[in-house]
Amino acid sequence: MNIPIVLIAYNRLDSLKRLLGSLNKSIYPADVKLIISVDGGGDEKVIDYAKHYVWNHGDKELVVHEKNIGLR
């Protein structure tokens with residue numbers, strides 16, 4: 001079974017950095033896909049950081065929504 005980790009981001013860059021740092025220090029039994037979803041109107045610094053972040057445990061996907069969809 002291949003279950004991804006999905007992070008929801010908007011405008012808290014420091015919180016995103018802290019969370020990603022903790023997740024990257026973890027040990028996983030297999031490759032894990034990381035999906036970072038940034039809600040519409042999200043901070044450009046958050047988007048840029050997520051775009052350039054190196055995930056060491058598998059594939060990374062960045063989804064930037066054009067509109068604010070909230071938590072769905």
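## A histidine in a loop

Helices (H or I, at least four residues) and strands (E, at least two) are DSSP runs, numbered from the N terminus. This is a predicted model, in which local features need pLDDT of at least 70 and side-chain atom pairs count only at pLDDT 80 or more, while totals for chains, interfaces and linings use all residues. Residues are numbered from 1 along each chain as its sequence is written, and side-chain values use heavy atoms, leaving out hydrogens and water.

Is His 57 buried or exposed? His 57 is buried, with a relative accessible area of 17%; buried means under 20% relative accessible area, exposed over 50%, and partly exposed in between (1.4 Å probe, protein chains only). Leaving aside residues up to four places away in sequence, His 57 touches Leu 23, Asn 24, Ser 26, Tyr 28, Ala 30, Asp 31 and Val 32, where contact means heavy atoms within 4.5 Å. Lys 33 is 24 residues from His 57 in sequence, and their C-alpha atoms are 7.4 Å apart in space.

## Two aromatic pairs

One of the contacts of His 57, Tyr 28, brings us to the aromatic rings. The structure holds two aromatic pairs. Rings of Phe, Tyr and Trp (its six-membered ring) pair if their centres lie within 6.5 Å; planes under 30 degrees apart count as stacked, over 60 as edge-to-face and the rest as tilted.

Tyr 28 and Trp 55 make a tilted pair, 5.9 Å centre to centre with 55° between the planes. Tyr 28 belongs to the loop between α1 (13-25) and β2 (34-38), and Trp 55 to the loop between α2 (44-52) and β3 (60-64), so this pair ties together parts that are 27 residues apart in sequence. Tyr 28 is partly exposed at 22% relative accessible area, whereas Trp 55 is buried at 6%. The rings of Tyr 49 and Tyr 53 have centres 5.9 Å apart and planes at 40°, so that pair is tilted. Here Tyr 49 counts as partly exposed, with 27% relative accessibility, and Tyr 53 is buried, with 12% relative accessible area.

Now over to a strand. Ala 9 is found in β1, which covers residues 5-9, and is buried, with a relative accessible area of 9%. Which residues does Ala 9 touch, not counting those up to four places away in sequence? They are Leu 16, Ser 37, Val 38, Asp 39 and Val 46. Lys 45 is 36 residues away from Ala 9 in sequence and 11 Å away in space, C-alpha to C-alpha.

## The chain as a whole

Stepping back, the protein chain has two helices and three strands, in the order β-α-β-α-β along the sequence. Its radius of gyration is 12 Å, close to the 11 Å that the globule rule gives for 72 residues, so the chain is as compact as a globular protein of that length. That radius is taken over C-alpha atoms, and the rule is 2.2 Å times the number of residues to the power 0.38. Along its principal axes, the C-alpha trace spans about 35 × 25 × 15 Å.

Of the 72 residues, 32% count as buried. Among contacts with a separation of 6 or more, 78% come from residues 24 or more positions apart.
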